[in-house]
Protein chains: 2
Amino acid sequence: MSFKYNKITIAGMGFMGGSLGIEIHKRKLARVIKGYSGDIDRLKIAQHKGAITDYTTDIEDAVKYSDIVFICQNVLSIPAKYKQMYKYIESKTAVTDIGSVKGYIVDSIRNTDRHRLFVGSHPMVGSEKRGIENIRQHLYEGGVCIITPDKYTDPKKAAVIKDFWTTIGMETIELAPNVHDSYVAGISHLPHLLAFALTNSQKNIIKNYKNVIGPGFKDTTRIAASGEEIWSEIFMANSKELIKKTDEYLKEVRRFRSAVDKKQKAKIVSMIKNSRVLREALNK
Amino acid sequence: MSFKYNKITIAGMGFMGGSLGIEIHKRKLARVIKGYSGDIDRLKIAQHKGAITDYTTDIEDAVKYSDIVFICQNVLSIPAKYKQMYKYIESKTAVTDIGSVKGYIVDSIRNTDRHRLFVGSHPMVGSEKRGIENIRQHLYEGGVCIITPDKYTDPKKAAVIKDFWTTIGMETIELAPNVHDSYVAGISHLPHLLAFALTNSQKNIIKNYKNVIGPGFKDTTRIAASGEEIWSEIFMANSKELIKKTDEYLKEVRRFRSAVDKKQKAKIVSMIKNSRVLREALNK
């Protein structure tokens, strides 16, 4: 049997890394899927669940001879991990990540010798679920993956990474790292911030009258159950863009607040209609 | 065959009224389900879809001899509709509504002769879908219905209304009208306001980069596709409570904004963790 890849490395065995391993494994894409982590128990669970074929806690062993190395860790630790591993990486290897912020990562890696091997990736899929316990196939399939090569990136590595995401059923879009960060601040990081804030602001009702809470509130706050370690790092790494988008959003909230306060029905109708038409377009 | 009710009237043939009719019809609860509306085409569609057994555009014909009259209209028009109909209503009849605001309705009805027949209801179910075209069974079943009798309400009428909602599979909760309005401002009206504002604030990305938008944004804004006529009236009728809840929410958003701006990781972690724990409790 011939495999598309001889060896793939997944550094970091959480929900995203583990689910990626299962996808590669089930599709029989790689002869070796090497899991790397400092946590041996987690590696054992990952192997048991079919996410990896083999594992190691040694970074040289992890990345050597790999076709692709995926760094699947929280965003703030990705550059440090790259700096630990890049001296063992061969020039044939392409390295990517799955982090939700790209400018911070690319800027931090830029000063290493071998930054041309690295291409940022952001598969726009996920779950409020976390951890190796919840990993599953089909998380990535059908989703969109943004890749962020720039003028420093080896175009051959970008092509390898793009081809990989396409192979597992994702649509790929190329954006500059800073453009990526601006977009996802608005469509992902800001929605998380406001879902967290809404949930916290309704603490008393959630604690005391849980059964009056209907599907509207539950959908709006689904992502408010996301993990604090992952999301605090995303907010930190993309703080500038997140603040900008938050301020634009606050302006809209204040426009609603003012129209409601002044009981300007026509204005409220028009603002809600704008929203409805935009939101309906997302279902098409 | 014996029916639990001889005649039930549904005044207003939209998504909520029509879906209620189908539920009553499929459960064979009433000999006559009389649809009332000014729009004859809508009544014909409702009958064709099995939401009503019979219809009329005459208000006296609609409500006379009814066991229960449901006013299923937008909130601002409910008191006026009650004032049009109450002189034809017999004392055996109980009247209720399905409006999302209760204080405004109950206060407006209070100065009529026969306000004791009226008991406010708010079934906490719904959809961003609208209109008679989208009606369906099982909308109400399994949901929670808040009923808002107060010291002016005939307790026998309250019992009839409570029994009805229980019969179609809803859990009922009694709250005073103003307590209801405060709670739903926080768990329903505010989430709509912020989903509208979020959607409008991301207009450019929705228009130009629709395919990068993932499931998190879509869930958070699902209710942003709700109808402007219904929701502008809810915002108007519950403006005082909605403003209060919006201000509490804005305080939370500003706390996040400030912690992100100052890169206070421990504070961000703690706020997200509070949200996660609260939101996870809603899934249990």
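**Entry 1: chain A.** I counted 12 helices and 8 strands in chain A; helices (H or I, at least four residues) and strands (E, at least two) are DSSP runs, numbered from the N terminus. I then looked up the radius of gyration of chain A, which is 21 Å, close to the 19 Å that the globule rule gives for 284 residues, so chain A is as compact as a globular protein of that length. This radius is taken over C-alpha atoms, and the rule is 2.2 Å times the number of residues to the power 0.38. I noted a box of roughly 65 × 45 × 35 Å for the C-alpha atoms along the principal axes.

**Entry 2: basis.** I record that this is a predicted model, in which local features need pLDDT of at least 70 and side-chain atom pairs pLDDT 80 or more, while totals for chains, interfaces and linings use all residues. Residues are numbered from 1 along each chain as its sequence is written, and chains are lettered from A and ligands numbered from 1 in the order in which they are written.

**Entry 3: domains.** For chain A I found domain 1 (5-175) and domain 2 (180-282), with bounds from an automatic or database domain assignment. Their C-alpha centres lie 31 Å apart. The contact between them takes 14 residues from domain 1 of chain A and 16 residues from domain 2 of chain A, where contact means that C-beta atoms, placed from the backbone, lie within 7 Å.

**Entry 4: symmetry.** I laid chain B on chain A with an RMSD of 0.0 Å, by a turn of 180° and a shift of 0.0 Å along the axis. The two copies are thus related as by a two-fold rotation axis. The superposition is by least squares on the C-alpha atoms of residues with pLDDT of at least 70 in both copies. Of the residues of chain B, Thr220(B) comes closest to the rotation axis, at 1.9 Å (C-alpha).

**Entry 5: interface.** I found 76 residues of chain B in contact with 76 residues of chain A. The elements giving two or more residues to the chain B side include strand S7 (144-147), helix H7 (177-201) and helix H10 (228-237) of chain B. Of the interface residues of chain B, 100% are also interface residues in chain A, so the copies meet through the same surface.

**Entry 6: Trp231(B).** I placed Trp231(B) in helix H10 of chain B. Trp231(B) is buried, with 26 other C-beta atoms within 10 Å; the cut-offs are 20 or more for buried, 12 or fewer for exposed, and partly exposed in between, with C-beta atoms placed from the backbone. Leaving aside neighbours within four places in sequence, Trp231(B) is in contact with Ile272(A), His192(B) and Ser226(B).

Notes:
Two residues are in contact if their C-beta atoms, placed from the backbone, lie within 7 Å.
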